[in-house]
Amino acid sequence: MKNPLPRWFAHRGGGSLAPENTLAGIRLAARLGYRAVEFDVMLSGDGTPVLIHDETLERTTNGSGRVCDTPDSILFRLDAGNGERIPRFAEAVALCREYGLLANVEIKPATGFERETAEVVARMTTSLWQGAVVQPLISSFSLEAIEVARDLVPNIPRGLLFEQVPADWLQEMSRWQALTLHCSARHVSDQVLGEARDHAVPVLCYTVNQPEQAKSLFERGVSAVFTDRLDLFSSETSAYKGLQLGG
Ligand code: G3P
Ligand code: MG
């Protein structure tokens with residue numbers, strides 16, 4: 001299955017215009033013409049994969065404590081902003097499929113739950129997207145999670161995610177059989193972009209909220225960016241890089 005790579009990804013579901021990592025955010029991204037969304041997936045205290053960024057509930061919900069200690073009976077009653085609930089991963093996938101969005105599933109394990117989170121998310125990713133025209137892209141800062149995804153669901157494209165790209169990144173790409181490189185826009189160097197171009201590796205940068213920065217990154221060879229400012233780029237969201245993901 002091959003997917004075209006969109007140039008714009010709505011970061012954390014709907015960026016900053018809707019509560020992050022919520023179904024409302026994904027709906028907003030689709031409404032504004034985005035073809036791709038990135039969201040973060042972590043396990044609840046009951047082992048249910050849910051969309052949330054932080055290991056703790058305080059910043060994005062009216063709850064408190066660690067996500068991995070919170071049972072579903074409490075977690076799904078919380079307000080994640082504007083009355084939105086924390087979504088189950090399965091609900092987010094259903095919405096992405098309904099809208100034909102490419103999802104970048106960022107496996108975001110709570111500390112100590114790397115393997116367990118990756119196993120659940122990888123298995124569900126393959127079953128929930130079965131038969132879909134637009135297949136997802138898995139990424140993670142956790143190389144343990146990437147290893148599990150590679151071993152359990154080798155056919156789902158993987159991206160390595162770094163804040164700062166290590167010097168041996170190409171060896172890491174080959175070791176984990178990854179297709180894309182995801183990294184912070186602040187630190188991406190021309191050396192890395194040159195190596196990526198030479199090896200035909202698409203580079204995706206987060207988090208880009210200014211048009212001049214996006215323009216400059218694209219000119220330097222970046223293939224796609226993650227943005228919180230869905231409003232600023234909605235006229236450009238139908239642009240594709242012309243690259244294909246997947247095999
Ligand atoms: O996956 C790209 C980006 O989301 C990584 O940073 O902290 O927003 O998950 P973070
Ligand atoms: Mg993320």
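Phe9 and Phe226 are both buried, where buried means under 20% relative accessible area, exposed over 50% and partly exposed in between, computed with a 1.4 Å probe on protein chains only. The model is predicted, so that local features need pLDDT of at least 70 and side-chain atom pairs count only at pLDDT 80 or more, whereas totals for chains, interfaces and linings use all residues. Residues are numbered from 1 along each chain as its sequence is written, chains are lettered from A and ligands numbered from 1 in the order in which they are written, and side-chain values use heavy atoms, with hydrogens and water left out.

Aromatic pairs are considered next. Rings of Phe, Tyr and Trp (for Trp, the six-membered ring) pair if their centres lie within 6.5 Å; planes under 30 degrees apart count as stacked, over 60 as edge-to-face and the rest as tilted. By this rule the count comes to six aromatic pairs. The ring centres of Phe9 and Phe226 are 5.1 Å apart and the planes lie at 50°, so this pair is tilted. It links distant parts of the chain, with Phe9 in strand β2 (residues 8-10) and Phe226 in strand β10 (residues 224-227), 217 residues apart. Helices (H or I, at least four residues) and strands (E, at least two) are DSSP runs, numbered from the N terminus. For Phe141 and Tyr206 the ring centres are 6.3 Å apart and the planes lie at 85°, so the pair is edge-to-face. This pair also joins distant parts of the chain: Phe141 is in the loop between β6 (137-140) and α5 (143-152), Tyr206 is in strand β9 (residues 203-206), and 65 residues separate them. Phe141 is partly exposed, with a relative accessible area of 40%, while Tyr206 is buried at 17%. Ring pairs also link Trp8, Phe218 and Phe233 into a cluster.

The peptide bond from Tyr206 to Thr207 is cis, with omega near -25°. Thr207 lies in the loop between β9 and α8 (211-220). Two residues have a positive phi although neither is a glycine: Arg12, at about 50°, and Gln177, at about 45°. Arg12 lies in the loop between β2 and α1 (23-31) and is buried, with a relative accessible area of 19%. Gln177 is located in the loop between α6 (169-175) and β8 (180-184).

Asp40 belongs to strand β3 (residues 36-43) and Glu106 to strand β5 (residues 102-107), so the pair ties together parts that are 66 residues apart in sequence. Asp40 and Glu106 are both buried.

Strand β5 also contains Asn104, which is buried, with a relative accessible area of 1%. Contact means heavy atoms within 4.5 Å.

Helix packing was examined for two pairs. Axes are lines fitted to C-alpha atoms, for helices over the stretch in contact, and angles run from 0 to 180 degrees between N-to-C directions. The axes of α3 (residues 89-99) and α4 (residues 114-128) come within 11 Å and cross at roughly 35°. Phe89, Ala90, Val93 and Arg97 of α3 form this contact with Val121, Met124, Thr125 and Leu128 of α4. These residues divide into six nonpolar, one polar and one charged; Ala, Val, Leu, Ile, Met, Phe, Trp, Tyr, Cys and Pro count as nonpolar, Asp, Glu, Lys and Arg as charged, and the others, Gly among them, as polar.

The axes of α4 and α5 come within 8 Å and cross at roughly 35°. Residues making this contact include Glu114, Arg115 and Ala118 of α4 and Glu144, Ala145 and Val148 of α5. The division here is six nonpolar, no polar and six charged. Ala92, in helix α3, counts as buried at 0% relative accessibility. Beyond residues up to four places away in sequence, Ala92 touches Leu23, Ile26, Phe39 and Leu51.
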